[in-house]
Protein chains: 2
Amino acid sequence: MSGITRYTRILDLFTEDQGIWTIMQMSEALGTSTSTLYRLVREMVDTGFLESTVDAQFRLGPAFVNYDRRMRMTDPLIQSGTKFLQPLVGHVDIPATAILARLFGNTVMCVDDSRNASPRINTSFERGKPMPLTRGATSQAIMASVESRRLKRLLDAEGSLDAAARKAFSKKLGQLRRDGYAIAFGEVDKGAVGFAVPVSNRGLGIEASLSVIVAERDLTEQHRGRILALLATHANLIETFMEDVRVEMSNGLTAPQQSKTTKFS
Amino acid sequence: MSGITRYTRILDLFTEDQGIWTIMQMSEALGTSTSTLYRLVREMVDTGFLESTVDAQFRLGPAFVNYDRRMRMTDPLIQSGTKFLQPLVGHVDIPATAILARLFGNTVMCVDDSRNASPRINTSFERGKPMPLTRGATSQAIMASVESRRLKRLLDAEGSLDAAARKAFSKKLGQLRRDGYAIAFGEVDKGAVGFAVPVSNRGLGIEASLSVIVAERDLTEQHRGRILALLATHANLIETFMEDVRVEMSNGLTAPQQSKTTKFS
DNA sequence: TATCAATTATCAGAAATTGAGATGCAAATG
DNA sequence: CATTTGCATCTCAATTTCTGATAATTGATA
């Protein structure tokens, strides 16, 4: 075992389904000696990535909550977008979820969510959830605004679409680009409808989308128009705000470098 | 450099103040060669701990949002407490912040927060913020319910209190234990008053507290009583809920081990 | 096509990691 | 109170990985 995977292998054991592990269980699951695991786990406890709890068990530790905060405080999209989700969803008069999602490397991940009070429809859109790249309005609105070479690399990495499916997908994205929004019926959750518009800032390297998810049975033609209008105006607000953040940053003391090349996917 | 610190040294550069770094800047800050940093950073980008962005710069990546979610979904305290913060703060009729904080190893960290709508008083209590161990009602309510040997170890690790100060602190904690709540005036933020009660579950190894923070100028004697009553009832609700979670877990298929020893701090 | 910065690859010496088993430690038991 | 038990740490030699200087490559831009 080498590099960071020595640690991520362990962290990845801690899923939603099993959030608590003993050293023995880890040893069996990973095929690594308990000596080594005791050593690695101790390092991770010391740095806050794991927490030691009762009955010789371990859980994910406080480091994640802390780093997550640092991210919220410094990510221009989250900074700009988070304050508009509540107003957006507040203006929708059926049960709805608003989400802000962003493309990171090869994954689309939801970075913030907001629900309008009372009856929650059960959607799997939620802060911290990685999204399928090609299914759902949320991802499609982002993919439609990604430049073609990058899109190709993303789909290659994803690898779920064959040549024919990819062609169809490209055509669909072309339509989305012309429309300026994406709608998807039950592509992620059965019975849910997603509406999404792109949000981006080239200068900050941010490709994102703003979505509203509602239950199909609640939806009328009127809501549809209203939701699309709300999305357009709120996406605009977020982009404006983000541009302000960008300008502030480049006026700041930490002057950015002057090149425009980057090779990391 | 060895172990997990190879990576955490890098991650710890990404603070609230500077959330974006180039390889060169990291190299200068850490005194490590760019070869090595390119290699380490690539690993971290591949695993989502960092993100590559424009102008050859790097930011914290999506892994933290994702692990944070796993934690929220599996931590019994967060699961139980999060739904009561909004109602709690909703019942306070002056601008207030409710927070849920928990002792992890040697740190007290805020794991959830909620504000009652409109005018935000500026407090530094916020999800993801580590708290000083001995200052503020939030931490004191927790420290008061920690068993004495553990307390000693915590204060040793912290190391900010000399013998005399420690004695005074112990006396204070004794009083808190008798009162059942802690009140602190401006110990963390100037002009803020914190009220806190302990929340714990021995069987789950959880020592936490529930707090309400308000501005001193808004506070009357009436509010004081009301807030303490609200805290007591809501803390009770959270503890009851958490006990249900515990019982569910031990009835589940993943049977826990049978010992009661743990040596990790 | 040439140029330039960013990034990756190569490689040998230096350093860290691994796992088996011994040891330490504290709580539970008789 | 001595003993047992289970969790956690320590030791050490064989093995693997890491480091940093330098060379090669990539991709955007002029």
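Two strands count as paired if DSSP finds at least two bridges between them, and strands (E, at least two residues) and helices (H or I, at least four) are DSSP runs, numbered from the N terminus. This is a predicted model, so to speak: local features need pLDDT of at least 70, side-chain atom pairs count only at pLDDT 80 or more, and totals for chains, interfaces and linings use all residues. Residues are numbered from 1 along each chain as its sequence is written, with chains lettered from A and ligands numbered from 1 in the order in which they are written.

**View 1. β4 next to β9 in chain B.** Strands β4 (residues 96–104) and β9 (residues 206–215) of chain B pair in the antiparallel sense over seven bridges. Look for B:L100, whose bridge partner in β9(B) is B:L210.

**View 2. The open sheet of chain B.** Its six strands run in the order β6-β5-β4-β9-β8-β7, with antiparallel pairing. β6 (130–131) and β7 (182–185) of chain B each have a single partner strand, so one side of each is left without a neighbour in the sheet.

**View 3. Helices α2 and α3 of chain A.** Here α2 (residues 23–30) packs on α3 (residues 34–46) at about 115°, their axes 9 Å apart; axes are lines fitted to C-alpha atoms, for helices over the stretch in contact, and angles run from 0 to 180 degrees between N-to-C directions. Residues are in contact if their C-beta atoms, placed from the backbone, lie within 7 Å. Among those meeting here are A:I23 and A:M24 from α2(A), and A:L37 and A:V41 from α3(A).

Definitions and conventions:
Two residues are in contact if their C-beta atoms, placed from the backbone, lie within 7 Å.
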